[in-house]
Amino acid sequence: MNETGIICQQALERVLTYLQDDGVELTTDVCRRAFRLVETVMGRGAVPDLPARCIAAVPEYFDRTPVSYPVAHPPLIRGHIGYE
């Protein structure tokens, strides 16, 4: 396999791993959209940073659920324990 094929394979693998780690189920439709994403980004020029450019394009192709963090209770207050 030539270098472009290896980079393309890495890009697709990273996109699918990213989506799976984000809680997206890898259905046939999701895989097809991932293929289209890699194909579109490759059409803009296949260069060594293809995997990174594909990850950057994920929000254009997939709706991601926003992460909400719970509020700390009681509120965090900076303090000290009396050392001098």
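A: H1 and H2 lie oblique to each other in this predicted model, because their axes cross at roughly 135° and an angle counts as roughly antiparallel when it is over 145 degrees. Helix H1 covers residues 3-21, and its axis comes within 10 Å of that of H2. The crossing of this pair is right-handed. On the H1 side the contact is made by Thr-4, Cys-8, Ala-11, Leu-12, Val-15, Leu-16 and Leu-19. These meet Val-30, Cys-31, Ala-34, Phe-35, Leu-37, Val-38 and Met-42 of H2. By class, the contact of H1 with H2 holds 13 nonpolar residues, 1 polar residue and no charged ones.

H2 (residues 28-43) also packs against helix H3, which spans residues 50-61. Here the axes come within 9 Å and cross at roughly 125°, which makes H2 oblique to H3. H2 passes H3 in a right-handed crossing. From H2, the residues in this contact are Arg-33, Arg-36, Leu-37, Val-38, Thr-40, Val-41 and Met-42. From H3, they are Leu-50, Arg-53, Cys-54, Ala-57, Val-58 and Tyr-61. The contact of H2 with H3 divides into 9 nonpolar, 1 polar and 3 charged residues.

Leu-37, Val-38 and Met-42 of H2 take part in the contact with H1 and also in the contact with H3.

Terms used:
Residues numbered from 1 in each chain as written. Predicted model: local features only at pLDDT ≥ 70, side-chain atom pairs only at ≥ 80, totals over all residues. Heavy atoms only, no water. Axes fitted to C-alpha atoms, helices over the stretch in contact; angles between N-to-C directions. Helix = DSSP H or I, 4+ residues; strand = E, 2+ residues; numbered from the N terminus. Parallel < 35°, antiparallel > 145°, perpendicular 65-115°, else oblique. Left-handed = near helix turned anticlockwise from the far one by under 90°. Contact = heavy atoms within 4.5 Å. Nonpolar A, V, L, I, M, F, W, Y, C, P; charged D, E, K, R; others polar.
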